[in-house]
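Biologist: Before I use any of these labels, I want to see each value set against its rule. Please bring up the model.

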Amino acid sequence: DTGVSQDPRHKITKRGQNVTFRCDPISEHNRLYWYRQTLGQGPEFLTYFQNEAQLEKSRLLSDRFSAERPKGSFSTLEIQRTEQGDSAMYLCASSPGASQGGNSPLHFGNGTRLTVT
Amino acid sequence: AQKITQTQPGMFVQEKEAVTLDCTYDTSDQSYGLFWYKQPSSGEMIFLIYQGSYDEQNATEGRYSLNFQKARKSANLVISASQLGDSAMYFCAMREGYRNTGGFKTIFGAGTRLFVKA
């Protein structure tokens, strides 16, 4: 168990540019989650996957955000035409599925801190 | 709609004393799970304790206990014998049971920042 890995740790980009983040979950976990966290606030749910299926996407998420998990392993989160309001920490988490202990806690990565200038 | 409320933005506690962090939730599901996480200034999210909606006993994990009052929809975290290292943000979270999609998400409250005084 090497934990949840996120890359990059930090990203600075200019407004209007596209950015992509990667998350590698714990290998035996089939659920993967993306959250956004701003300073002093709780993680805000963005979307989650069970295997390769994206089961839910937050209504707060604009069309500029898209996430994929093509083979049910790693996931990418892309933000197109970034805005200053996108500056935040983007957290990825994984957990086992119901058959593996459906109430297991989320295991979080260290996050990707995005700064849009 | 699913919702978690933490009404205490900040709390102070004297070292070695106990402290209670409040959490109320709202859900229409009968099956759900409640979690508490700790986030130190270093940023990592650390799982502390879990309570299932059907669990009759309050969960305990070392110095952490969860005061679960289902009828009131509250799941308060009690930290006994506070230590300086307990200073951190604490988040209450809820995961609902299966929906039509066969999956479920976890949502978080806004958090409580705990300061432990020496």
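Biologist: Which residues does B:Glu61 touch, not counting residues up to four places away in sequence?

Modeller: B:Glu61 touches B:Leu48 and B:Ile49; contact means heavy atoms within 4.5 Å. This is a predicted model, in which local features need pLDDT of at least 70 and side-chain atom pairs count only at pLDDT 80 or more, while totals for chains, interfaces and linings use all residues. Residues are numbered from 1 along each chain as its sequence is written, chains are lettered from A and ligands numbered from 1 in the order in which they are written, and side-chain values use heavy atoms, with hydrogens and water left out.

Biologist: Why is B:Glu61 called partly exposed?

Modeller: Buried means under 20% relative accessible area, exposed over 50%, and partly exposed in between (1.4 Å probe, protein chains only). B:Glu61 has 47%, so it is partly exposed. The residue lies in strand 7 (residues 60-61) of chain B; strands are DSSP runs (E, at least two residues), numbered from the N terminus.

Biologist: What makes A:Thr13 buried?

Modeller: Its relative accessible area is 7%, so A:Thr13 counts as buried. A:Thr13 lies in strand 2 (residues 10-13) of chain A and touches, among others, A:Val19, A:Thr82 and A:Leu114.

Biologist: What makes the pair A:Asp86 and A:Arg64 a salt bridge?

Modeller: The rule asks for a side-chain nitrogen of Lys or Arg within 4 Å of a carboxyl oxygen of Asp or Glu. For A:Asp86 and A:Arg64 the closest N and O atoms are 2.8 Å apart, and the pair forms a salt bridge. The two residues are 22 residues apart and link distant parts of the chain. A:Asp86 is buried because its relative accessible area is 3%, and A:Arg64 is buried because its value is 10%.

Biologist: How do you know that B:Asp26 and B:Lys73 form a salt bridge?

Modeller: Their closest N and O atoms are 3.5 Å apart, and the cut-off is 4 Å. At 37% relative accessibility B:Asp26 counts as partly exposed, and so does B:Lys73 at 30%.

Biologist: How are B:Arg63 and B:Asp86 classed, buried or partly exposed?

Modeller: B:Arg63 has a relative accessible area of 23%, so it is partly exposed; B:Asp86 has 2%, so it is buried. Their side chains meet in a salt bridge (2.8 Å, N to O).

Biologist: How many salt bridges cross the interface of chain A and chain B?

Modeller: The rule finds one. B:Lys105 forms a salt bridge with A:Glu56, with the closest N and O atoms 3.0 Å apart. Over all chains, the search finds seven.

Biologist: What area do chain A and chain B bury between them?

Modeller: About 1800 Å², 52% of it on carbon and sulfur atoms. Buried area is the accessible area (1.4 Å probe) that two parts lose on being put together, summed over both. The contact takes 22 residues from chain A and 21 residues from chain B.

Biologist: Which residues have the most contacts inside the largest nonpolar core?

Modeller: Among them are B:Leu21, B:Trp36 and B:Leu77, in a core of 26 residues. A nonpolar core is a set of buried Ala, Val, Leu, Ile, Met, Phe, Trp, Tyr and Cys residues joined through side-chain atoms within 4.5 Å. The largest share of this core, four residues, comes from strand 10 of chain B.
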